[in-house]
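Please set out what can be said about the fold of the model shown here, taking strand pairing, overall dimensions, domains and core in turn.

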Amino acid sequence: MIPEPPTFDHRNPPMMSCGHAANSEGTPAGGTRGPACAICSEFVVAPAQPNLEGRAAKCAYDNPRSKKVHTDRQRVPSSLSLAFFSWQPDEEFDEYYCGCYGWD
Ligand SMILES: [Zn+2]
């Protein structure tokens, strides 16, 4: 089978309506293949793309309950291309996944 061509640039994914950057592709029931959020099963691209200028993201596991140690190095400029990026407009930091639990 010939793989289908990607429906978006994975280095520059669109923000989805759930607040995550698109992290996969999928076909909703009765719809056409396009960007998707595998975390939320969201297939709708956000109507307005966020302005991330000046914002920073921290790992979602960077919290007191986590057994994994995080440092300021894991705070990075917010970008839709970060793994599992999640826009948190009401919080000081957006969230992403730094890889602290591996990538399997
Ligand atoms: Zn999502």
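## Strand pairing

Ala57 stands opposite Asp94 in S5, in a model that is predicted. Strand S3, residues 56-59, pairs with S5 in the parallel sense over three bridges, where two strands are taken to pair if DSSP finds at least two bridges between them. These strands belong to an open sheet of three strands, which has the order S4-S3-S5 and mixed pairing. The edges are held by strand S4 (76-77) and strand S5 (94-96), each with a single partner strand, so one side of each is left without a neighbour in the sheet.

Along the sequence the protein chain follows the pattern β-β-β-β-β, with five strands and zero helices; helices (H or I, at least four residues) and strands (E, at least two) are DSSP runs, numbered from the N terminus.

## Numbering, confidence and dimensions

Residues are numbered from 1 along each chain as its sequence is written. Because the model is predicted, local features need pLDDT of at least 70 and side-chain atom pairs count only at pLDDT 80 or more, whereas totals for chains, interfaces and linings use all residues.

The C-alpha atoms of the protein chain fill a box of roughly 45 × 30 × 20 Å, taken along the principal axes. Of its 104 residues, 24% count as buried, a residue being buried if 20 or more other C-beta atoms lie within 10 Å of its own, exposed if 12 or fewer, and partly exposed in between, with C-beta atoms placed from the backbone.

## Domains

The protein chain is divided into domain 1 (15-49) and domain 2 (50-104), with bounds that come from an automatic or database domain assignment. Taken over C-alpha atoms, the centres of domain 1 and domain 2 are separated by 20 Å. Seven residues of domain 1 are in contact with six residues of domain 2, contact meaning that the C-beta atoms of two residues, placed from the backbone, lie within 7 Å.

## The nonpolar core

The largest nonpolar core has 15 residues, and those with the most contacts inside it are Met15, Ala21, Ala22, Phe85 and Tyr96. Domain 1 and domain 2 both give residues to this core, so it lies between them. A nonpolar core is here a set of buried Ala, Val, Leu, Ile, Met, Phe, Trp, Tyr and Cys residues joined through C-beta atoms within 7 Å.

Not counting residues up to four places away in sequence, Met15 touches Ala21, Ala46, Gln49, Pro50, Leu80 and Trp87.
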